[in-house]
There are 2 protein chains.
Amino acid sequence: MKNQLIIVKVGGKIIEDPDSLQSLLSEFSKISGNKILIHGGGREATALATRLGIETKMVEGRRITDAEMLKVATMVYAGLVNKNIVARLQAINVDAVGLTGADLNLMQSARRPAGEIDYGFVGDVRTVNAPALSYLLHRDFVPVIAPLTHDGQGNLLNTNADTIASETAKAMANEFRVRLIYCFEKNGVLADENDENSVIPLLNFDTYLDYRDEGVIKEGMIPKLDNAFHAIAAGVEEVIITSAKNINMGGGTIIK
Amino acid sequence: MKNQLIIVKVGGKIIEDPDSLQSLLSEFSKISGNKILIHGGGREATALATRLGIETKMVEGRRITDAEMLKVATMVYAGLVNKNIVARLQAINVDAVGLTGADLNLMQSARRPAGEIDYGFVGDVRTVNAPALSYLLHRDFVPVIAPLTHDGQGNLLNTNADTIASETAKAMANEFRVRLIYCFEKNGVLADENDENSVIPLLNFDTYLDYRDEGVIKEGMIPKLDNAFHAIAAGVEEVIITSAKNINMGGGTIIK
């Protein structure tokens, strides 16, 4: 029987608000057993870039990471956000260790080729070093992973945190029964975006396709759910999309 | 017989120049066996603070770390500098992991009490978690430590990198034969500061006191050597002060 591993991914909006973040970390500390926290970065990087006079370039709603923006992302995600989360977790008895994909060679990626759009220093994940994560978990260390990877040639690359979460979950599924929790500001995947009580409790791939065809599930939720179903297909036991306050309470949308 | 552990501390001036840094990392990669790299931050933090319009406050030549400057230090030391070193080391087959004192609870410190001068968010080291470092070394992981500690209450604190190096060396001396190498821009401790060939080859505590009384050893070298002799008194086998290019070549000043 495999041991359980719970991977929690928390996004930018929760991280930006100190109270929401503290509440999330407190809930995270109550999870017993093996666990990993993966965080986004969000608007703090944009805010720092603005203060530094670095222009945030967006193409079709997606950020372009030029060399200056990569420095900002490295400072904010791997420095400010990651290390403050680690210090706060240590204060509530979680033996956290903050990492990027470069540390322990955890996650190597390839720079996305420039097609019609050149996203710049953005990496698509190629390999995840599951044995290194296992070695940390075995000692009850709790990895806290920032959304940066490396190319093995000495360069860091900006990488989507949802993808880091699903790739980590997939890689760990050989050794653990993995539950992947995406927590964000809503209660789950909503059938009616204006009604917080309209959470869809269970999604499988067929019902997902139906909801998507009907336009009930749309926009930013589609890549998140595509990531989720890729994880399920690769052996992850379940993926849950829920609000940060409910990660120990059940509820949310369960994806199997 | 204890195993050997080599701890290399590299300061700000080497880190600021990409070629010097690459040369140091290349020399570091050639060290076989257990090793730890500890780095300072230096002027990059000051440069970022200036770009952000944050005033660098100095009292009697020492930097005051207010809340804004602590954020800058966290971004530059734990983010930009640390993670770029880690990515570069990974590219030359060193399985590096970048850490602060908060990670794995490696180093707890107490905020320095405000006396005549309030240094702000500056920590004096209280505990070093040697077993956690041993656990990493046992798997041939190579810790790369940034000059930040934590207070156990959720706060990061700025901490002198020379002190982090000597405290780490002292804590590891129970388990390892520790050699601590401070590398900087000169060839060693010089008897004549204008003559690079005047390296003092060997210092013990008595000869150190003589040189200090004569004014041959002065200013910034005094706290560095005080740290070194504290480490020797606590069981560290030897401390070496040398230039970055010579860490595998012998030479420099040996302190026993």
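This is a predicted model: local features need pLDDT of at least 70, side-chain atom pairs count only at pLDDT 80 or more; totals for chains, interfaces and linings use all residues.
1. A salt bridge here is a side-chain nitrogen of Lys or Arg within 4 Å of a carboxyl oxygen of Asp or Glu.

2. On the interface as a whole: 42 residues of chain A are in contact with 42 residues of chain B. The two chains bury about 3400 Å² between them, and 66% of this lies on carbon and sulfur atoms. Four salt bridges are found across the interface of chain A and chain B, along with eleven residue pairs in polar contact, both residues of each pair being at pLDDT 80 or more.

3. Which elements of chain A give two or more residues to the side that touches chain B? They are helix H3 (43-51), helix H4 (67-91), strand S5 (96-99) and helix H5 (130-138) of chain A. The largest share, 15 residues, comes from H4(A). By residue type, the side of chain A that touches chain B divides into 21 nonpolar, 13 polar and eight charged.

4. On the fold of chain A: the secondary structure comes to eight helices and 14 strands. The C-alpha trace of chain A spans about 45 × 45 × 35 Å along its principal axes. The radius of gyration of chain A is 18 Å, which agrees with the value near 18 Å for a compact globule of 256 residues. Of the 256 residues in chain A, 54% are buried. Among contacts in chain A between residues at least 6 apart in sequence, 68% join residues at least 24 apart.

5. Over all chains the salt-bridge count comes to 30. One of them joins Lys13(A) and Glu185(A), whose closest N and O atoms are 3.6 Å apart. This pair links distant parts of the chain, 172 residues apart: Lys13(A) is in helix H1 (residues 12-16) of chain A, and Glu185(A) is in the loop between strand S11 (176-184) and strand S12 (202-203) of chain A. Glu185(A) counts as partly exposed because its relative accessibility is 45%. Also in chain A, Lys9(A), Asp162(A) and Lys224(A) are linked in a network of salt bridges.

6. In chain B, Asp124(B) and Arg112(B) form a salt bridge at 2.9 Å, N to O. Asp124(B) is in strand S7 (residues 123-128) of chain B, while Arg112(B), twelve residues away, is in the loop between strand S6 (107-111) and S7 of chain B. Both count as partly exposed, Asp124(B) at 25% relative accessibility and Arg112(B) at 22%.

7. A further salt bridge in chain B joins Glu167(B) and Lys170(B) at 3.3 Å, N to O. These two are separated by about one helical turn, because they are three residues apart in helix H6 (residues 161-172) of chain B. Lys170(B) is partly exposed, with a relative accessible area of 25%.

Key
Residues are numbered from 1 along each chain as its sequence is written. Chains are lettered from A and ligands numbered from 1 in the order in which they are written. Side-chain values use heavy atoms; hydrogens and water are left out. Contact means heavy atoms within 4.5 Å. Buried area is the accessible area (1.4 Å probe) that two parts lose on being put together, summed over both. A polar contact is a pair of N or O atoms within 3.5 Å; within protein, one must be able to donate a hydrogen and the other to accept it, and residues adjacent in sequence count only if both atoms are side-chain atoms. Helices (H or I, at least four residues) and strands (E, at least two) are DSSP runs, numbered from the N terminus. Ala, Val, Leu, Ile, Met, Phe, Trp, Tyr, Cys and Pro count as nonpolar, Asp, Glu, Lys and Arg as charged, and the others, Gly among them, as polar. The radius of gyration is taken over C-alpha atoms; the globule rule is 2.2 Å times the number of residues to the power 0.38. Buried means under 20% relative accessible area, exposed over 50%, partly exposed in between (1.4 Å probe, protein chains only).
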